[in-house]
Amino acid sequence: MGADYPYAGYYPASTANYTPANRPTDYSIDMVIIHVTQGSWSATINWFENPAAQSSAHYVVRSSDGYIGQSVLEKDIAWHAGNWYYNEHSVGIEHEGYIDDPSWFTDAMYRSSARLTAYLCEKYRIAIDREHIIGHDEVPDPNNPGEYGGVDHHKDPGPYWNWDLYMSYVAQYAGAAQVYRQVVDNASARFSASSNWKTSSWNGQKHGRNYRYTTPKAVSDDALYRFKIPTTGSYKVYAWWPSSPGYNPSVPVGIQTTSGLEWVRVDQTKNGGRWNNLGTFTLAAGDSACVRISRWTSAGGYIIADAVKIVST
């Protein structure tokens, strides 16, 4: 078995340090997370091979020449982010060096890592932006869900990592075709709902800090999600909700397509805490509220409005 990335050597981590999976079939790969090793390249590779480590990353980039070693196959879940959801849905890239010493961040390292990230973005249709290519210090702390800005005990890649340069290299090495991907959370300015949609953070399966909830009623009182669709075409629409037996099993979700409003029903008593594919739709270019969640259902139970994602096909 060799490395996934054709320009990497394969140095397999101990099976005690990652979770076998079949990504992206069982878990989508939506992010690349940038780390700094706080040690040497060889020591990091050796550490991931040690069963006592209880940690790993998919790739490790050497400072001097940009050489890349792969420790965990992309299909498997490396233990690198400190947040299980982020582990499930990301590829972790370690970079040799120390966060307080910029001399480790060579141009060879930046370029080699950027080529790898561009390869991953094209392979898994990851948007090339700072919402999907992030630092370890931007991963939410699962032990302190009220703080959604990052974890205090993870500082990498640190203040000397040149994000502008890195992202320019990623864009340079990526193919011409860019993937559109946009997430609108209920806390975003692109979400709107009346005061009948209350805010809660009770259910731990939420996306982000909180979610909205209301009761069924035969009224036009939709929760609206506004997206900026770049071109008319085919898009996949996903919805995220926390689930509970007390939630509604038949929630109407409307998608504004080029042929009119199309409705699907979702069961919010199950499949919580993950992205649920609502289908593929033809959406018109523009900046509009093209997804809505309705209260108009005969089924009982709370109706949840949390987050919606749209991805070009």
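Predicted model: local features only at pLDDT ≥ 70, side-chain atom pairs only at ≥ 80, totals over all residues.
Residues are numbered from 1 along each chain as its sequence is written, and side-chain values use heavy atoms, with hydrogens and water left out.

Searching the whole structure gives 10 salt bridges (a side-chain nitrogen of Lys or Arg within 4 Å of a carboxyl oxygen of Asp or Glu).

**First stop.** Select lysine 75 and aspartate 76, whose side chains form a salt bridge at 2.9 Å, N to O. Aspartate 76 is buried at 4% relative accessible area, while lysine 75 is partly exposed at 34% (buried is under 20% relative accessible area, exposed over 50%, partly exposed in between, with a 1.4 Å probe and protein chains only).

**Next stop.** Go to aspartate 107 and arginine 111, joined by a salt bridge of 2.8 Å, N to O. Both sit in helix α3 (residues 107-124), four residues and about one helical turn apart (helices, H or I of at least four residues, and strands, E of at least two, are DSSP runs numbered from the N terminus). Aspartate 107 is partly exposed at 38%, and so is arginine 111 at 26%.

**Last stop.** Now select aspartate 221 and arginine 295, which meet in a salt bridge at 2.8 Å, N to O. Aspartate 221 lies in the loop between β12 (211-214) and β13 (223-229), and arginine 295 in the loop between β18 (286-293) and β19 (303-305), 74 residues apart. Aspartate 221 is buried at 10%, as is arginine 295 at 5%.
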